[in-house]
Amino acid sequence: MEPAEMTEEMKSWMERAFQMAQDALDNGEVPVGCLMVHNKQIVGQGRNEVNETKNATRHAEMVAIDQVLDWCKRNDKNSVQVFENTVLYVTVEPCIMCAAALRLLRIPLVVYGCCNERFGGCGSILNVAENLVPNTGTPFKCIPGYEAKKSVELLKTFYKQENPNAPKSKVRKKE
C-alpha cells in the first residue's frame, strides 16, 4: 500500500532512486539509492559506496550530500538555502548517522521505501527526525512505505549473495 501523501511526481523521483539502488546491487553494494531534489531538479544522487571505497560512511545519502555541495559551488548557490528546500527520496529509511546529517542540514522532507529495522534513524530504532535533541538541527517530516516490498526484495537479493569483501571465517567446520 502506498502512502496517501505520495504525488505522481514523488513516485517518479522514487523510481529514479530505485534505479540507483539497483546500480548499487549490480556493483556489490547494499542496494540503497537516493536522490536530492531541489526546485524539481536533481541536485544530488547517490548509492551506497561502502564496499567499493572501504569507507563505512559512504552511504547513499552521504554521497548525495557531497554532490549537492559540489552543485552549490558550481552554481554559486548558498548550500544552507538549497538544503532547506530539498527533498530526499531514498529506498530505505536513513540510518541514525544519515538521519542526523539530514537534520543538521535542515532537509525538510524525507520520502523512503522500507523501514530499516537494524539502524533506522526515522523511527525504527531512534527517531532522529523528531525533536529528540533540542537545538540540534531541524526536525524533518517523513513519508515512509513507498514500494517497501520492492526495497526489501532488493535487500534480500543482496544478503543472499556471497559478500566478496567479508573476512574469511575462522570457525572450523566439523568433518
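Student: Is Tyr159 buried or exposed?
Tutor: This is a predicted model, in which local features need pLDDT of at least 70, side-chain atom pairs count only at pLDDT 80 or more, and totals for chains, interfaces and linings use all residues. Residues are numbered from 1 along each chain as its sequence is written, and side-chain values use heavy atoms, with hydrogens and water left out. Buried means under 20% relative accessible area, exposed over 50%, and partly exposed in between (1.4 Å probe, protein chains only). Since Tyr159 has a relative accessible area of 53%, the residue is exposed.

Student: How are the rings of Phe158 and Tyr159 arranged as a pair?
Tutor: The structure holds one aromatic pair. The ring centres of Phe158 and Tyr159 are 4.9 Å apart, with the planes at 85°. Rings of Phe, Tyr and Trp (its six-membered ring) pair if their centres lie within 6.5 Å, and planes under 30 degrees apart count as stacked, over 60 as edge-to-face and the rest as tilted. So this pair is edge-to-face.

Student: In what order do the elements of the protein chain run from the N terminus?
Tutor: Helices (H or I, at least four residues) and strands (E, at least two) are DSSP runs, numbered from the N terminus. The protein chain has six helices and five strands. From the N terminus on, the order is α-β-β-α-α-α-β-α-β-β-α.

Student: How far does α1 reach from its first C-alpha to its last?
Tutor: α1 spans residues 8-26, which makes 19 residues. The expected span of a helix is 1.5 Å times one less than its number of residues. That gives 27 Å here, and the helix comes close to this with a reach of 27 Å.

Student: What arc around the axis do the buried residues of α1 cover?
Tutor: The buried residues are Met10, Lys11, Trp13, Met14, Ala17, Phe18, Met20, Ala21, Ala24 and Leu25. They lie on the same side of α1 because their arc, taken from the directions from the helix axis to the C-beta atoms, is only 165°.

Student: Which exposed residues are on the face of α1 turned away from its buried side?
Tutor: The buried side is covered by elements that include β1 (33-38), β2 (41-47), β3 (86-92), β4 (109-114), β5 (141-143) and α6 (148-160), with contact meaning heavy atoms within 4.5 Å. The face turned away carries the exposed residues Glu8, Gln19 and Asp26.

Student: Which residues of β1 point the other way from Gly33, Leu35 and Val37?
Tutor: In a regular strand the side chains alternate between the two faces of the sheet. β1 is mostly covered, with six of its six residues buried. Opposite to the direction of Gly33, Leu35 and Val37 point Cys34, Met36 and His38.

Student: How many bridges join β1 to β3?
Tutor: Two strands pair if DSSP finds at least two bridges between them. β1 is joined to β2 by six bridges, in an antiparallel run, and Gly33 stands opposite Arg47 there. β1 and β3 also run antiparallel, with Leu35 opposite Tyr89, and the number of bridges joining them is five.

Student: Which residue in the turn of the β1 and β2 hairpin has a positive phi?
Tutor: The hairpin has two residues between its strands. The one with a positive phi, about 50°, is Asn39.

Student: With which side chain does the side chain of Arg58 make a polar contact?
Tutor: Arg58 lies in the loop between α2 (50-53) and α3 (60-74), and counts as buried because its relative accessibility is 17%. Leaving aside neighbours within four places in sequence, Arg58 is in contact with Arg47, Asn48, Glu49, Val50, Thr53, Val63 and Asp66. A polar contact is a pair of N or O atoms within 3.5 Å; within protein, one must be able to donate a hydrogen and the other to accept it, and residues adjacent in sequence count only if both atoms are side-chain atoms. At 3.0 Å, the partner side chain is that of Asp66.

Student: Which elements do the buried residues of α3 pack against?
Tutor: The buried residues of α3 include Met62, Val63, Ile65, Val68 and Trp71. Their packing partners are β1, β2, α4 (79-84), β3 and α5 (96-105).
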